Amino acid sequence: IYMIFALSQLPFGSSVFAARIAAWIAVALTATLLYCYGRDVLASRLVGAVAGLLYIAYSVSNVGLAANTEIFFTPFVVLGFYLLLAKGAWETGAHRPRGWLFVVVGLCLGCSLQVKYVTVFDLLGAMLILLFLSWAKGSGSRASLAAGVWRCILLLAGAAFTFLVPAAAFWWTGHFPEYAYANFTANWIHSSDASLSVFSFARLMAGQLKTNLLPWCAVLLVPPFLMIYRRYHPAAVRDLGVLSCWLAFGMLGVVFTRRVNLHNFLQVLPQLCLIGSYVTVFAIGAGGSLDRKRRAFLTLLVVFLGAFRPLYDSARAVLAPLDAEASAGMNDTPAHLARYLKGKIGPGESLYMVDSDPIVYHLLGLNGPTRFVLPPYLIDDHFAKVAGIDPLQELDHIMHSRPTYVAVMDRERDTPFYGLLREHLRTDYREETQVDGVFLYRRTSRAP
């Protein structure tokens, strides 16, 4: 993910806006791939177009306006499933594809794993789908099952390659222990030191139904749909079965860490949009009394009504700063802090943002006094454990580097970290001013 952010700054400059543009491009790519999936896998351009539009609309209602990791691994996942199913990779016979296709699918899913490890469940879902379709296409023979197993091995080989390359690079530079800790140990600690109650999950799902009504309602209609049409439309049953399996494994990724936030549901949004689009288009065209243009118009109307709320909410959020009355109550604290501190920190001097926005470092063109610039790694016991550091020792290291300014919001918090911070502030600093609730302390003691 950091490589994606770094590459986005090459054409768009070193700015927060570059990450935003990269996120927009990723959303557009995913929407395009969903269209291709509908066209080539589900044999319907309309289903693909509707799925793409739904993804664009509903991504913003799941904190998709921010450059979250889910936005960036989704194109790799959708591309992997598209290549796996559009090319008939599970078929047997004279037209079966070469093994390299499964390796490419594994490479796509492996790239998504390098962005965020929870897509391992998408990888497992792809393998199960591949294995089952290979077996079913071969009429349940042992040969077809063996072929499916071999294809899964090739797929795993492609995914493993995306891990071995960076692992080898870190080993070559002598940083493999850090790479292994960040990718495995830290994630294990983060997921094991948490709990998700049934009530909390039910509340999250109620919120999903409220903000993503159309696709989740379509998911609820899948079981009766399969029961009604299992004899008359076997292709539809197969398509929805594959999408439902993909959705189920994606949901395992959502809840695996047991720290579920709105943006985690972006992982299953492509499947939701494809199911929502498929069921909507199929239901509207089931009667057969409408011609093609009327079906398309009615489908788009239903989609617009279903996606109206997220589109409206996101448009209001984007346009709010243009409204003088609405923006009057909005505080851009990082910009205010940067404006005040500009020119007050000389060459070779530094700033420490204790518990407020670290983007101020970027706005002032400064490096942070620690590599743990995100405040939770020092002020939160859980994230300190995830990072594998002693926050008090790291704080001593920071304060001994003698930053010119220290910015702190919650200075009265009763924890060992803040107690040690107050000792340093009393000894070497004085309170200079307050900006939007952030207290700024300036160093008074001279360097030895």
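**View 1. Lys116 and Glu70 join their side chains in a salt bridge, with N and O 2.8 Å apart.** A salt bridge here is a side-chain nitrogen of Lys or Arg within 4 Å of a carboxyl oxygen of Asp or Glu. Lys116 sits in the loop between α5 (100–115) and α6 (120–137), while Glu70 belongs to helix α4 (residues 69–86), so this pair ties together parts that are 46 residues apart in sequence. Helices (DSSP runs of H or I, at least four residues) and strands (runs of E, at least two) are numbered from the N terminus. Both Lys116 and Glu70 are buried. For the words used throughout, buried is under 20% relative accessible area, exposed is over 50%, and partly exposed is in between (1.4 Å probe, protein chains only).

A quick note on what you're looking at: this is a predicted model, in which local features need pLDDT of at least 70 and side-chain atom pairs count only at pLDDT 80 or more, while totals for chains, interfaces and linings use all residues. Residues are numbered from 1 along each chain as its sequence is written, and side-chain values use heavy atoms, with hydrogens and water left out.

**View 2. The whole chain, before we zoom in again, has 21 helices and 4 strands.** Its C-alpha trace spans about 80 × 55 × 45 Å along the principal axes. Of the 448 residues in the chain, 42% are buried. Take the contacts (heavy atoms within 4.5 Å) between residues at least 6 apart in sequence: 69% of them join residues at least 24 apart. The accessible surface of the chain is about 23,400 Å², and carbon and sulfur atoms account for 64% of that. Accessible areas come from the Shrake-Rupley method with a 1.4 Å probe, and for residues only the protein chains shown count as cover.

**View 3. Two salt bridges pair sequence neighbours: Asp40 with Arg39, and Arg238 with Asp239.** The structure holds 5 salt bridges. Asp40 has a relative accessible area of 33%, so it is partly exposed. Arg39 is partly exposed too, because its relative accessibility is 30%. In the other pair, the side chains of Arg238 and Asp239 meet at 3.2 Å, N to O. Arg238 is partly exposed because its relative accessible area is 37%, whereas Asp239, at 8%, counts as buried.

**View 4. Ala43 has a positive phi, near 60°, and is not a glycine.** Most residues other than glycine have a negative phi. Look for Ala43 in the loop between α2 (16–40) and α3 (45–59). With a relative accessible area of 68%, Ala43 is exposed.

**View 5. Asp436 also has a positive phi, about 50°, without being a glycine.** You'll find Asp436 in the loop between β3 (429–435) and β4 (438–443). Its relative accessible area is 34%, so Asp436 is partly exposed. One residue in contact with Asp436 is Thr333, which also touches Val435 and Val438, leaving aside the neighbours of Thr333 within four places in sequence. Thr333 is part of helix α16 (residues 333–341). At 14% relative accessibility, Thr333 is buried.

**View 6. Seven names make up a nonpolar surface patch of about 720 Å²: Phe297, Leu298, Leu301, Phe304, Leu305, Phe308 and Tyr312.** Patches are made of residues with over 30% relative accessible area and no salt bridge, where like charges are joined within 9 Å and nonpolar side chains (Val, Leu, Ile, Met, Phe, Trp, Tyr) within 5 Å. Both α13 (292–306) and α14 (308–319) supply at least two residues of this patch, and α13 gives the most, with 5. Tyr312 is in helix α14 and, at 43% relative accessibility, is partly exposed.

**View 7. The second largest pocket has a volume of about 340 Å³.** There are 15 lining residues, and Ser44, Leu46, Val47, Val281 and Arg295 are the closest to the pocket's centre. α3, α12 (269–285) and α13 each give two or more residues to this lining, with α12 giving the most, 5 residues. A pocket is an open set of points on a 1 Å grid over the protein atoms alone, where a 1.4 Å probe fits, with protein on both sides within 12 Å along at least five of seven lines; lining residues have an atom within 4 Å of a point. Grid points are joined across faces, edges and corners, and the volume is the space filled by probe spheres set on the points.
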